[in-house]
Amino acid sequence: MYDTILIPTDGSEQAERGIDHGLDLAAQYDATVLCLYVVDERRYGRPPALGTVEVDHEKHEDEAIELLKAIEARGRDRGVEVEHECRRGNPWDEIVTLAEREDADLIVMGRRGETDDRRTPLGSVTEQVMRQTEIPVQAV
């Protein structure tokens, strides 16, 4: 049923739930997981040449790579092949672009992320991903 599952993460508690659920589905269906972390340029700003924002981006990317490697290890423990990627940009655009480029069968993600308003049922990134793609999205 699923060959490729995309699991975006921002390191939040909600994203962790999405990761666990996505890895479980991948193990059940013998699917490959693509795990994506997007350094949100809306949140951290666009880098000027060699400016402090660039240093902030690199710091966030380093932290993201460590998180992605830990997710890859969790997948290995479940017998799941996990590929990972870290990008900069607008999270929902990057998620949709990667999902469509890699022909993902499913996107599994937390209902909301680290910076979303807890009073709404879905966070802004999850809602935008659902609006911008024909690929099924499972919000956990």
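Student: Which residues does Leu6 touch, not counting residues up to four places away in sequence?

Tutor: In this predicted model, Leu6 touches Leu34, Leu36, Ile95, Leu98, Ala99, Ala104, Leu106, Ile107 and Val108. Leu6 itself belongs to strand S1, which spans residues 4-9.

Student: Why is Leu6 called buried?

Tutor: The relative accessibility of Leu6 is 0%. Buried means under 20%, so Leu6 counts as buried.

Student: What makes Asp24 partly exposed?

Tutor: Asp24 has a relative accessibility of 41%. Partly exposed is the class between the 20% limit for buried and the 50% limit for exposed; therefore Asp24 counts as partly exposed. Asp24 is a residue of helix H1, residues 13-29.

Student: How far apart are Asp24 and Val80 in sequence and in space?

Tutor: In sequence, 56 residues separate Asp24 and Val80, while their C-alpha atoms are 8.8 Å apart. For Leu6 and Asp103, the separation is 97 residues in sequence and 9.6 Å from C-alpha to C-alpha.

Student: What share of the contacts in the protein chain joins residues 24 or more positions apart?

Tutor: Among contacts with a separation of 6 or more, 72% are between residues 24 or more positions apart.

Student: Which residues make the contact between H4 and H5?

Tutor: H4 contributes Pro91, Trp92, Asp93, Ile95, Val96 and Glu100, and H5 contributes Ser124, Val125, Gln128, Val129 and Gln132. Sorted by class, the contact has six nonpolar, three polar and two charged residues. Ile95 of H4 is part of this contact and is also one of the residues that Leu6 touches.

Student: What is the secondary structure of the protein chain as a whole?

Tutor: The protein chain has five helices and five strands, arranged along the sequence as β-α-β-α-α-β-α-β-α-β.

Student: How many residues does the protein chain have, and what percentage is buried?

Tutor: There are 140 residues, of which 45% are buried. As for the accessible surface, the total is about 7500 Å², and carbon and sulfur atoms account for 45% of that area.

Note on methods:
Residues are numbered from 1 along each chain as its sequence is written. This is a predicted model: local features need pLDDT of at least 70, side-chain atom pairs count only at pLDDT 80 or more; totals for chains, interfaces and linings use all residues. Side-chain values use heavy atoms; hydrogens and water are left out. Helices (H or I, at least four residues) and strands (E, at least two) are DSSP runs, numbered from the N terminus. Buried means under 20% relative accessible area, exposed over 50%, partly exposed in between (1.4 Å probe, protein chains only). Contact means heavy atoms within 4.5 Å. Accessible areas come from the Shrake-Rupley method with a 1.4 Å probe; for residues, only the protein chains shown count as cover. Ala, Val, Leu, Ile, Met, Phe, Trp, Tyr, Cys and Pro count as nonpolar, Asp, Glu, Lys and Arg as charged, and the others, Gly among them, as polar.
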